[in-house]
Amino acid sequence: MELLRTVLNLLWLVLAGVWMALGYLVAGIICCILIVTIPWGIASFRIALFALWPFGSRIERRYDAGVGSTLGNIVWFVVAGWWLAIGHVLTAIPLAVSIVGIPFAWANLKMIPVSLTPLGRRIVDTDDPRGFGVEGHHAAPPVGTRR
């Protein structure tokens with residue numbers, strides 16, 4: 001399975017990963033230059049790494065993220081999120097034209113939610129058992145219970 005992930009990641013890197021990661025890097029640099037938006041810059045750098053090597057990792061929502069993440073995501077959406085989402089769509093279109101590129105186009109489209117709202121999300125390894133509701137994971141608590 002590790003060999004398959006590596007092959008997929010290498011193909012992804014050539015077909016879409018470098019270009020999308022560059023977009024996130026540019027957004028992160030601009031955010032860091034503006035000082036006030038450094039948290040968005042850090043999130044953008046984190047997603048740039050994910051955009052380079054996505055197979056074997058996944059993005060999940062942090063249920064302990066609060067109103068600050070929501071407000072921050074609104075700012076991000078206006079400043080950079082929709083540009084990056086358009087980049088994902090424009091990169092997915094030529095990938096979808098060929099049969100071989102369809103899985104990569106789908107992977108590109110699956111990154112749109114995190115490009116629009118990066119705060120309140122985290123990147124986890126797909127082999128991490130905590131990502132599947134095992135104890136100790138920050139999943140949503142059952143209804144009617146408290147943490």
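Which residue with a positive phi follows H1? The residue is Ile35, whose phi is near 60°. The structure is a predicted model, in which local features need pLDDT of at least 70 and side-chain atom pairs count only at pLDDT 80 or more, while totals for chains, interfaces and linings use all residues. Residues are numbered from 1 along each chain as its sequence is written, and side-chain values use heavy atoms, with hydrogens and water left out.

**Overall architecture**

- The protein chain contains 5 helices and 2 strands; helices (H or I, at least four residues) and strands (E, at least two) are DSSP runs, numbered from the N terminus.
- Along the sequence, these elements follow the pattern α-α-β-α-α-α-β.
- Of the 147 residues in the protein chain, 37% are buried; buried means under 20% relative accessible area, exposed means over 50%, and partly exposed lies in between (1.4 Å probe, protein chains only).
- Among contacts in the protein chain with a separation of 6 or more, 73% join residues 24 or more positions apart; a contact means heavy atoms within 4.5 Å.

- A straight helix of 32 residues would span 46 Å at 1.5 Å a residue, but H1 spans only 38 Å between its end C-alpha atoms; the expected span is 1.5 Å times one less than the number of residues.
- The buried residues of H1 include Arg5, Asn9, Trp12, Tyr24 and Cys31.
- The buried residues of H1 pack against H2, H3, H4 and helix H5 (112-116).
- Ile35 lies in the loop between H1 and H2 and counts as exposed because its relative accessibility is 59%.
- Ile35 has a positive phi of about 60° although it is not a glycine.
- Most residues other than glycine have a negative phi.

**The nonpolar core**

- The largest nonpolar core has 24 residues, and those with the most contacts inside it are Trp12, Tyr24, Ala51 and Trp76; such a core is a set of buried Ala, Val, Leu, Ile, Met, Phe, Trp, Tyr and Cys residues joined through side-chain atoms within 4.5 Å.
- Leaving aside neighbours within four places in sequence, Tyr24 is in contact with residues including Ser44, Ala51, Leu84 and Met111.

**Individual residues in the other helices**

- Ser44 is found in helix H2 and is buried, with a relative accessible area of 1%.
- Not counting residues up to four places away in sequence, Ser44 touches Tyr24, Ala27, Gly28 and Trp76.
- Asn73 is found in helix H3, which covers residues 67-97, and counts as buried because its relative accessibility is 9%.
- Not counting residues up to four places away in sequence, Asn73 touches Trp40, Leu116, Thr117, Pro118 and Leu119.
- Pro103 is found in helix H4 and is partly exposed, with a relative accessible area of 49%.
- Pro103 and Trp12 are 91 residues apart along the chain, and their C-alpha atoms are separated by 9.8 Å.

**The paired strands**

- Strand S1 (residues 57-61) and strand S2 (residues 121-125) run antiparallel and are joined by 5 bridges; two strands pair if DSSP finds at least two bridges between them.
- Ile59 stands opposite Ile123 in S2.
- The covered face of S1 holds Arg58 and Glu60, whereas the uncovered face holds Ser57, Ile59 and Arg61.

**Cysteines**

- A disulfide is a covalent bond between the sulfur atoms of two cysteines.
- The criterion for a disulfide is a pair of cysteine sulfur atoms within 2.5 Å, and by this rule the count is 0 disulfides.
- The closest cysteine sulfur to that of Cys31 belongs to Cys32 and is 6.9 Å away, which is too far for a bond.
- Cys31 is buried, with a relative accessible area of 4%, whereas Cys32 is partly exposed, with a relative accessible area of 26%.
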